[in-house]
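Welcome, and please keep your viewer open for this tour. We will go from one selection to the next and say what is there at each stop.

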Amino acid sequence: QVQLVESGGGLVQAGGSLRLSCAVSGRTFSTYVMGWFRQAPGKEREFVAATRWSGGITRYADSVKGRFTISRDNAKNTVSLQMNSLKPEDTAVYSCAADPSGSFFSYDYWGQGTQVTVSS
C-alpha cells in the first residue's frame, strides 16, 4: 500500500510560480512511476507530468512543457512539481499518483489533491 499526501497549493497571480510536493509513504519500488494530474471545475482529470521513481524518464503534457518541472527526491521520499509562468487556465486541483506497473498508464494510488488558483 502506498500513501500520497500533497502540499504547496495556493493562490498566485498569473506569471507567478508555485511548487507542489507529494510525500510518499509505504512500499515503493524503483520501477514505480510517479505522476501529477489536475482537474479543473467542470472538466475531466488530465495528465500533467510523470517520472520514473528510479529517474531517467519524464513526460509532460504539451500544455505545461517548458513551464513545469517534475522531480523526485528518493532520500526524502517526495515528488515535486515546480510550476513557473502560471496561467489562469492552470487553475485546478492537482493530485499526485503512483503507477506500480511502471507503464505510465496505470495509476493505482492517489493523493487527496491540493488546490492551485491562478488569478489574472
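**First stop: a loop residue.** Select Phe104, which sits in the loop between strand 9 and strand 10, the latter covering residues 109–110. Keep in mind that you are looking at a predicted model. Is Phe104 buried or exposed? Its relative accessibility is 7%, and anything under 20% is called buried, so Phe104 counts as buried.

**Next, its surroundings.** Along the sequence Phe104 and Val33 are 71 residues apart, yet their C-alpha atoms lie 6.2 Å from each other. Which residues does Phe104 touch, once neighbours within four places in sequence are set aside? Show Val33, Ala50, Thr51, Arg52, Ile57, Arg59 and Asp99 to see these contacts of Phe104.

**Now the disulfide.** Clear the selection and pick Cys22 and Cys96. A disulfide joins Cys22 to Cys96, with an S to S distance of 2.2 Å. Cys22 belongs to strand 3 (residues 18–26) and Cys96 to strand 9 (residues 92–99), so the pair ties together parts that are 74 residues apart in sequence. How many disulfides does the structure hold? It holds one.

Cys22 has a relative accessible area of 0% and is buried. Cys96 also counts as buried, with 0% relative accessibility.

**Zoom out to the fold.** Draw the principal axes and you will find that the C-alpha trace spans about 40 × 25 × 25 Å along them.

Of the contacts in the protein with a separation of 6 or more, 55% are between residues 24 or more positions apart. Colour by accessibility next: buried residues make up 43% of the 120 residues.

**Last stop: the surface and its charges.** The protein exposes about 6100 Å², and carbon and sulfur atoms supply 47% of that area. Finally, select the charged side chains: there are 12 positive and 9 negative charges, and their mean positions are 6 Å apart.

Terms used. Residues are numbered from 1 along each chain as its sequence is written. This is a predicted model: local features need pLDDT of at least 70, side-chain atom pairs count only at pLDDT 80 or more; totals for chains, interfaces and linings use all residues. Side-chain values use heavy atoms; hydrogens and water are left out. A disulfide is a pair of cysteine sulfur atoms within 2.5 Å. Helices (H or I, at least four residues) and strands (E, at least two) are DSSP runs, numbered from the N terminus. Buried means under 20% relative accessible area, exposed over 50%, partly exposed in between (1.4 Å probe, protein chains only). Contact means heavy atoms within 4.5 Å. Accessible areas come from the Shrake-Rupley method with a 1.4 Å probe; for residues, only the protein chains shown count as cover. Lys and Arg count as positive and Asp and Glu as negative; His and the chain ends are not counted. The place of a charge is taken as NZ of Lys, CZ of Arg, CG of Asp or CD of Glu.
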